Amino acid sequence: MRILAEMPTGMGSKWVLAEIENDFYGYGTVADFNDKLGLPVNQCGTKESVKNHCESIAELCKKNIKKYQKELSKKTANSDGWKLMIEHEQKELEMLIEFIRVLSK
């Protein structure tokens, strides 16, 4: 296994992108890589399939950020919760963009 990129999760761990074998790639948290069941099936496969998955999840993160920002603008009592959700989505989006960049080489 060869680690291609690492990004902090912001919660004390990190995401890892790795080439596991010839044309078999995967990404997940350190805990995912250490799990006896392995990586989630949608987070591993060929270079192209992993890149495509990262791109689709990145789009979902962008939609979630917009949705959460809309809720935050309502100035509800739960503004700290919305800020936390936005921060988490932005951190995940940064990771996905970096992994897409690495897989595009």
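Aspartate 23 is partly exposed, with a relative accessible area of 46%, where buried means under 20%, exposed over 50% and partly exposed in between (1.4 Å probe, protein chains only). The model is predicted, so local features need pLDDT of at least 70 and side-chain atom pairs count only at pLDDT 80 or more, while totals for chains, interfaces and linings use all residues. Residues are numbered from 1 along each chain as its sequence is written, and side-chain values use heavy atoms, leaving out hydrogens and water.

Aspartate 23 sits in the loop between β2 (14-21) and β3 (24-29), helices (H or I, at least four residues) and strands (E, at least two) being DSSP runs numbered from the N terminus. Most residues other than glycine have a negative phi.

The buried residues of α2, among them Val50, Cys61 and Tyr68, pack against β2, β3, β4 (44-45) and α3 (79-103), contact meaning heavy atoms within 4.5 Å.

Rings of Phe, Tyr and Trp (its six-membered ring) pair if their centres lie within 6.5 Å, with planes under 30 degrees apart counted as stacked, over 60 as edge-to-face and the rest as tilted; the count comes to two aromatic pairs.

| Pair | Centre to centre | Angle between planes | Class |
|---|---|---|---|
| Tyrosine 27 and phenylalanine 99 | 6.0 Å | 70 degrees | edge-to-face |
| Tyrosine 68 and tryptophan 82 | 5.5 Å | 35 degrees | tilted |

Tyrosine 27 lies in strand β3 and phenylalanine 99 in helix α3, so their pair ties together parts 72 residues apart in sequence. Tyrosine 68 in helix α2 and tryptophan 82 in helix α3 are 14 residues apart, and tyrosine 68 is buried, with a relative accessible area of 11%.
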